[in-house]
Amino acid sequence: MNGMESATEFASHFGFNFGRLVDGYQADIGVFSRLVGSPQGNLETGVVIQTKGFVKTSGGTFSREFLDTDRCRFCPTCVATDVGPTYRLHRAYGRVEWMLKFIHTCPDHGIGLSKVSGHRLKAADFSAQLRTRLDDLERLARKQSSRRPMRLQNYVINRLRGGEPEGIWLDEFPLQAAAHFTQLLGAMSRDGREPDLEEFEDKDWIEVAEIGFDIVSRGRQAVETTLEPFFDFKTVRRKVSLSMLLGRLPVELLQRLEQPGYRDLIKVLENAARWRYPTLISELPN
Ligand SMILES: [Zn+2]
């Protein structure tokens, strides 16, 4: 509206740093709150605090591996609605939900999220990023909506938005660990002990998320039943560990023990395995 090139330039005229606002610096959030006449606490649900390895949102903390922070992901229909028929670009804004890799389609329109692989340094400047895809916007907004069930995605969004808990076993775990475990369990259920996760494409993640959610939504007992066949493991060794029995699933969890929830998930798996292998060697560090 003011003919400025970027949000960074605009913000500098008002005495705050746009990049720092996006990264969740209290001082810049404070200046911004005063400018828009809103108590700082009211902005809390929209604040995203970025630190070196993690991104903290009001719905949970996520390690960067689960977020697309360098590329803008967006729903073309949401954006088309934001900007309106006269293309008032400054009205479009990014949704925190779109950043999460657990989310594949727009929760409101059901269409696949589009990506801008724009300038990395301007990643946070949604409006500036969007300008690079403007020509495509109308075509993208006509994309077919997906009729596939997206139950893990719906579950994640509900928790991010602070909705009523679904009352399932998964609720016990922090959101990232819960969703990650569900995907891995689905991958194991589909592909066996050693799923080739590195080769997974979006469609694979969507498929294993659905398979995994079908299991975890039926509770801990259903998870243990899924693991049962993997415990039929022929070995001459006397010392058996989770990684030997379940392969990639515990390996992935063990790599992230310093993050909330992962240690508890390993304990669940160990307890399930101990019915068959009372002398199971724990891989958890003391
Ligand atoms: Zn949308």
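Biologist: What conventions apply to the model?
Modeller: Residues are numbered from 1 along each chain as its sequence is written. The model is predicted: local features need pLDDT of at least 70 and side-chain atom pairs count only at pLDDT 80 or more, whereas totals for chains, interfaces and linings use all residues.

Biologist: How many helices and strands are there in the protein?
Modeller: Helices (H or I, at least four residues) and strands (E, at least two) are DSSP runs, numbered from the N terminus. The C-alpha trace spans about 75 × 40 × 35 Å along its principal axes. Within the protein there are 14 helices and 5 strands.

Biologist: Which domains is the protein divided into, and how far apart do the C-alpha centres of domain 1 and domain 2 lie?
Modeller: The bounds come from an automatic or database domain assignment. They give domain 1 (1–47), domain 2 (63–146) and domain 3 (151–274). Between domain 1 and domain 2, the distance of the C-alpha centres is 21 Å.

Biologist: Which helix gives the largest share of the side of domain 1 that touches domain 2?
Modeller: Two residues are in contact if their C-beta atoms, placed from the backbone, lie within 7 Å; by this criterion 7 residues from domain 1 and 6 residues from domain 2 take part. On the domain 1 side, α1 (7–13) and α2 (18–22) each supply at least two residues. The largest share, 3 residues, comes from α2.

Biologist: What is the order of the strands in the open sheet of 3 strands?
Modeller: Two strands pair if DSSP finds at least two bridges between them. Antiparallel β1 and β2 are joined by 2 bridges, with Gln50 as the bridge partner of Val55 in β2. β2 (residues 54–57) and β3 (residues 60–63) pair in the antiparallel sense over 4 bridges, and Phe54 stands opposite Ser63 in β3. The order is therefore β1-β2-β3.

Biologist: Which strands stand at the edges of this sheet?
Modeller: A hairpin through 2 residues joins β2 to β3. A strand with a single partner has one side left without a neighbour in the sheet, and this applies to β1 (49–50) and β3.

Biologist: Which helices do the buried residues of α14 pack against?
Modeller: A residue is buried if 20 or more other C-beta atoms lie within 10 Å of its own, exposed if 12 or fewer, and partly exposed in between, with C-beta atoms placed from the backbone. In α14 the buried residues are Tyr262, Leu265, Ile266, Leu269, Ala272 and Ala273. They lie on the same side of α14, because the arc that they cover (taken from the directions from the helix axis to the C-beta atoms) is only 120°. Their packing partners are α9 (175–191), α11 (220–227), α12 (242–246) and α13 (248–254).

Biologist: Which exposed residues does the face of α14 turned away from its buried side carry?
Modeller: Buried residues make up 28% of the 286 residues in the protein. On the face of α14 turned away from its buried side, the exposed residues are Lys267, Asn271 and Arg274.

Biologist: Is Leu134 buried or exposed?
Modeller: Leu134 lies in the loop between α6 (126–131) and α7 (137–141). Because Leu134 has 12 C-beta neighbours inside 10 Å, its class is exposed.
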